[in-house]
Amino acid sequence: MTATVGTPLARLEGPAKVTGAARYAAEYPQDDVVHGWIVQSPVPRGRLNAVLADPTADAIAVLWHGNAPRLEPADDPELDVLQSDRISYRGQPVALVVAETLEAARRAAQVLQLDITAEEHDAVLRADHPGLYTPEQVNPAFPSETASGDVDAALAAAPVTVDVTYSTPALHNSPMEPHATIARWAGDDLTLYDSNQHPSGIAATVAGVFGLEPERVHVVTEHVGGGFGSKGSARPNAVLAAMAARVVGRPVKLVLPRQAMFSLVGYRTPTIQQIRLGADPDGTLTAIDHAAIGQSSRILEYAEQTAVVTRHMYAAPNRRTGHRLLRLDMPTPRWMRAPGEAPGMAAFECALDELAEKLGIDPIELRVRNEPAAEPEGGTPFTSRHYVECLRTGAERFGWAGRDPRPRQRREGDWWIGTGVAGAIYPTMAQPSTARVRAVGDDFEVAIGAADLGTGARTILTQIAADALGVPVDRVRVRIGDSTLPKASVAGGSSGSASWGWAVTGACRQLRETGGDEAVFDTTELIEKQETEGRHAFGAHFAEVRVDAVTGEVRVSRLFGMYAAGRILNPRTARSQFLGGMIMGMGMALHEEGVLDPAMGEWMNHDLAGYHIPAHADVESIDAAWLDERDDQLNPMGSKGIGEIGIVGSPAAIVNAVWHATGVRVRDLPVRLDKLLCAD
Amino acid sequence: MKTFEYRTATAASAVLAPDAAFLAGGTNLVDLMKLGVATPDVLVDVTKLPLDRITDLPDGGLRVGATVRNSDLAADPRIRERYPVLSQALLAGASGQLRNMATTGGNLLQRTRCTYFMDPSTPCNKRAPGSGCPARAGDHRNLAILGGSEACIATHPSDMAVALAALGAQVRVESATGERTIAVTELHRLPGDRPDLDTVLDHGEMITAVDLPALPFATRSAYRKARDRASYAFAVGSVAAALDVADGLVRDVRLAWGAVAPRPWRATTAERLLRGRPATHENFLAAADEELRAARPLRDNAYKTTLTRNLTAAVLTRLASAGEAR
């Protein structure tokens, strides 16, 4: 039997998706369905005293805190919807309108009068804000601060230092399929067709809010049109749809409009990061100091782990990382693709480029010279670390040799040309999951409550099961996307394939060994025994950019990622994940920014015409490659997560290339033309 | 969205009900209706009227019907040959799908993409007269440096209109009370204290066609657009120009700017300065600077001054050298 893992099997649901047959959350036909529309607060802070519905609007129900059913308090206060008069951010749900049609619901929401007492608000993150504090932990449970050696003394003594502050703006995950829910009650049983990254997690959360046993809630999530972290936990749409369905006694469909995606589903916090580096003339780092500032809302402390990545990257005897947080009258930030690593490495890898410039050392060589033998903090050995190989092999394939290190040296017509490099890292994680396999005639049915966000999870699990069972893939049917299936972990942290694949492998091997008709395998104990430190995927990103001398416009002529990410389970879907991450990194470097109006407490460019992500024309030559990395300490497949590493470091490679092209260090992302424009 | 009645226009001269609006491609109006920015009671679909032709005018110009789709106009061989600036401007705008829907008249009458105008939860003097303009202190990176007022600094977002302004196009308008012709540069009002009025059109006046005058030297014309990504983004600065050079001197020039003003900005001061002068990069820059003396930039849009002068000189220099090469 030839192994199918490692072969480029096309997505199994591809034909269904491109023909429109695949059903997404809002597309399940329902008899008697009605439509919900969320009324969002027009002020960032205050109290809602009353609502006055327009009698001419055809609303079936208008729910607000004055008449909404009481809910059990949720771990996430964002889910305590319509329970209080307190308004904590602009865009917070203050009412829900239900009507026979989407258009009627929307209209009734538009003409609903809100009696609000507005209060003074504070919406701007700044480094000198007196309200900054050090959180106890950063996402999900890392210590906020670490230190070893004497950083200040080492910096004072260092022959060469860099002390720079980089800032990144609020970034918004806005997947093609918005958050959407259809809620339907039958007695005390609730069915949710919901777009999310964790069906069983959503079921448990929503059950808790309504005071139900978890098995009373059935979440169906067959196909998901992207999540990028924003669908990792239940969002207000799921609770509001369920609440409204209970009140009106009919199924309720609630789909977020694009504009609401900017305030209701999380976002990447803006960051301000001060990075201080000390080095000997030969490039050996003597001190690393990474201090990150982020924001959260009034109602929930979410502290992004921006500087945690620096704990794993380079050797230095004196080191310090820390986080401070500011609570503002703004929406709650949350996970967005590589939370922590993406903004942290965007800043750190640019600072390192600045150090290379000061030292007169090639930026690749500088990185190689500071390669640690084990985890720089704590000393845990790495299960595998091929960062230097990624830098070297990547440099060769990209054509780095012979690069003139001086900036603003290459010009072709109106274009300044430059190249840049940056490292990449992402932790390798696995989370407890359970899978079941059944023999059905000559075929096998594998079941696990995982979610496929469009990444190819269903396809890869089929390949893993086929190999573990020793049968061709066409004899395996994988069922996922349903909370009633064996419990799977969240599709997040680049851990899906490892977590679910492990459980699937276990179940399939067990079935083979026992020769029975059914086997169930739970990885909880195995995973709890595992070390968590020293496990990472690595990579290196290379960019060539050109900057228009007339307009300051930046184009990325080439973008290349070289990865060491364990065993690649499916080169077709893996490549897509790598490239997608790199393109999102390009957006972070050049395009994406929530433009805040402090007086409004709102990001004004809250749609995809105003909030720019790369268009097809922005992606010219792009490629990803990987080393054949073997690591048998991780999981039965030897795989590492690949969903996020593409956005880690790729922004810095581009920003460094912009400097090499123009001589301009842009330290506040994104690099837009007005920051590079100079008078002709 | 507000319930509305849908009708089909029978004639350009028909009376338009008080709360009715014309619907052509719908690429802007329908969005605004969903957002609650536009709330017409009646939509009158003009796309069934026989206004979808491009016809030759006796003087060598072209008459472009109001419902000619942007993609068809951009692809027309006569446009491409005689007025390349117009074809280039159209193709620089929006996306293929939008250009297939958007019409000539509708493109001119599209509304600003100022973020406050598009968000009914915020004040906006254009959308809700007298409510104020948060853009002056807030998000104005892509708003006007020329022609704005205390009440409004919206920019007109069209690429096509900038090319039409450079070409000196005439807008033909019809209503129950008759017909008239308006220079495209006079179609859009400067906001003053009435930013709610985008254009000089009276309610019920329908654009039926745009006339492009014969302009032989427009065969040497170009449109260049700067934007925040490579495609599918509104201009942050743009230049439409046609240049007639003889013996190194500017015999005639047409110059218009986009993304800097509430209307496509015909740079008449710069044009006047350039006529008869040597067609040099320095002179192009100096002419742009003179036109930009009227600029009143704010905190975050001052870059438009530099961008516009750079673009102007670059486009004219390229047109001049293309002419020399003949």
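**Entry 1: the interface.** I began with a salt bridge, in which Asp674(A) pairs with Arg141(B) and the closest N and O atoms are 2.7 Å apart. The term requires a side-chain nitrogen of Lys or Arg within 4 Å of a carboxyl oxygen of Asp or Glu. I found a count of 4 salt bridges between chain B and chain A.

I note the basis of these entries: the model is predicted, local features need pLDDT of at least 70, side-chain atom pairs count only at pLDDT 80 or more, and totals for chains, interfaces and linings use all residues. Residues are numbered from 1 along each chain as its sequence is written, chains are lettered from A and ligands numbered from 1 in the order in which they are written, and side-chain values use heavy atoms, with hydrogens and water left out.

I next looked up polar contacts across the interface of chain B and chain A and found 13 residue pairs, both residues at pLDDT 80 or more. Such a contact is a pair of N or O atoms within 3.5 Å; within protein, one must be able to donate a hydrogen and the other to accept it, and residues adjacent in sequence count only if both atoms are side-chain atoms.

On the side of chain B that touches chain A, H11(B) gives the largest share, 8 residues. Helices (H or I, at least four residues) and strands (E, at least two) are DSSP runs, numbered from the N terminus.

I recorded 37 residues from chain B and 36 residues from chain A in the contact, meaning heavy atoms within 4.5 Å. The two chains bury about 2,900 Å² between them, with 56% from carbon and sulfur atoms. This area is the accessible area (1.4 Å probe) lost on putting two parts together, summed over both.

**Entry 2: aromatic rings.** I found 13 aromatic pairs over all chains. Rings of Phe, Tyr and Trp (its six-membered ring) pair if their centres lie within 6.5 Å; planes under 30 degrees apart count as stacked, over 60 as edge-to-face and the rest as tilted.

Which arrangement do the rings of Phe262(A) and Tyr611(A) have? Their planes stand at 70° and their centres 5.5 Å apart, so the pair is edge-to-face. Phe262(A) and Tyr611(A) are 349 residues apart in the chain.

Ring pairs also join Tyr314(A), Phe348(A), Phe382(A), Tyr387(A) and Phe538(A) into a cluster.
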